[in-house]
Amino acid sequence: MSVTIIVGAQWGDEGKGKIVDLISKQINIVARYQGGANAGHTIIVNDKEVVLHLIPSGIFHKKVTCVIGNGVVIDPVALLDEIKMIESLGVKINNRLKISHNAHLIMPYHKLLDSLREESSTKIGTTGRGIGPCYIDKYMRVGIRMVDLLDKKTLREKLISNINEKNKLFKNIYEKEELDVDQIINTYIDFDKKVDTYVTDTSLFLNNAIKRGKNILAEGAQGALLDVDHGTYPFVTSSNPTSGGACTGLGIPPTSVSKIIGIVKAYSTRVGNGPFPTELNNNIGKNLRKIGHEFGATTGRPRRCGWLDTFSLNYSLTINGVDEIALTKLDVLSSFEEISICTGYELDGKNISQFPTDVNTLEKVKPIYTSFRGWRDIISDRKKFIMLPTECKKYIKAIENLINTKITFVSVGPKRNETIIR
Ligand code: GDP
Ligand code: IMO
Ligand code: MG
């Protein structure tokens, strides 16, 4: 085994953190490949809930080395807070964290621009973590990278040029106060002392590990339907959470990838704006939110909830090339008498054959549902598939048939041991 990619197959928050943490016990390296502190990956460590935003979800396994790849955008403030939080739990990071010298840095002006853009143009409902504006600078080739932190002279020059340019926007377009160049420079120049032990050529590190036959898990953030190229644009994030993003975001070749695991929640959720065909604006949706504790791990916003959508899922599994599925939060459905699955969409009275990513079309589609009897039984203590209630097994098998992919992990609770491996 070499590289396994973990991708969110829906709109994020599928339970990637839990599954990555679970699988990490057989893994040498866990590497994040895109996104930034917009992610919130929850893990239960010794009965305590921990939310990770930037550091890969393998960090709680002593033998695992964690990599933050070149494709990630890093907010140094969030990173240092997270390192402190993990160490406060008695976990040593030391040389177990490696950060790509090519990863871009999120600056205070990125966060400010993120919120100003939200007020003045199409409201995406971003996490406000500066993700979009940072990726804009990356692709404009004016971004500041981790390696720049190690060279004070270059850092100063790049910061002055960037802040002066952004100040024109703040003053003339947004009619806001200009940022203080010196204050930002002093803060960021200080970061080098704290992070330079972690900064390295992670692509080289990973490729050497691949040659030595190490097991690597590439951890995606967000989900395929939030992908900037393949998601419900413009209501997406600014990176490529889909499996292809793992290779560019880590600097490893596609030929090193041996498996792609899609994480699928047993129902659907979405945070922020944008079309969501199976959304339930009724008591069922409210109950899913309440029972599933569906509130954003990063922003605390209530997540929009609805039934599982295998039509969008089939699109997602195709573009990701998913080999197998981890189905999560199945226990949340235990309270429902009847459970529905969306199997297709109707548009203007006719069934359509392909998932439309065009948002105007997607806003108009009507989901076609198949209903299943609920199992109305607690399942979090079940250790084997055969121990699950009959109706529950039927639900799992129906999903497998609809998406033509094997479900190898069934997660029946947030803890590591609340998982059935088939
Ligand atoms: P991620 O962003 O994909 O890592 O997912 P989040 O951490 O944002 O959201 C998943 C939430 O569901 C977290 O609160 C997890 O602790 C929780 N969770 C994960 N798997 C299960 C499960 O099988 N059952 C239940 N009840 N909760 C789960
Ligand atoms: P994890 O990794 C769910 C959503 C935001 C917004 C859109 C763009 O925990 O699954 P951004 O701040 O990225 O520019 O916001 O993407 N979004 C997420 N939704 N889970 C996430 O991460 C998300 N990260 C961003 O709500 O709709
Ligand atoms: Mg999350």
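Strand 3 gives the largest share of the lining of the second largest pocket, four residues. In this predicted model, helix 1 (16–23) and strand 3 (41–45) each supply at least two lining residues. Helices (H or I, at least four residues) and strands (E, at least two) are DSSP runs numbered from the N terminus. The second largest pocket holds about 590 Å³ of space. Among the 28 residues that line it, T42, E49, G292, K329 and P414 are the closest to its centre. A pocket is an open set of points on a 1 Å grid over the protein atoms alone where a 1.4 Å probe fits, with protein on both sides within 12 Å along at least five of seven lines; lining residues have an atom within 4 Å of a point.

| Class of lining residue | Count |
|---|---|
| nonpolar | seven residues |
| polar | eleven residues |

One salt bridge is counted between domain 1 and domain 2, the term meaning a side-chain nitrogen of Lys or Arg within 4 Å of a carboxyl oxygen of Asp or Glu.

Residues are numbered from 1 along each chain as its sequence is written, and chains are lettered from A and ligands numbered from 1 in the order written. Local features need pLDDT of at least 70, side-chain atom pairs count only at pLDDT 80 or more, and totals for chains, interfaces and linings use all residues, while side-chain values use heavy atoms, without hydrogens and water.

Methods: Points joined across faces, edges and corners; volume = space filled by probe spheres on them. Nonpolar A, V, L, I, M, F, W, Y, C, P; charged D, E, K, R; others polar.
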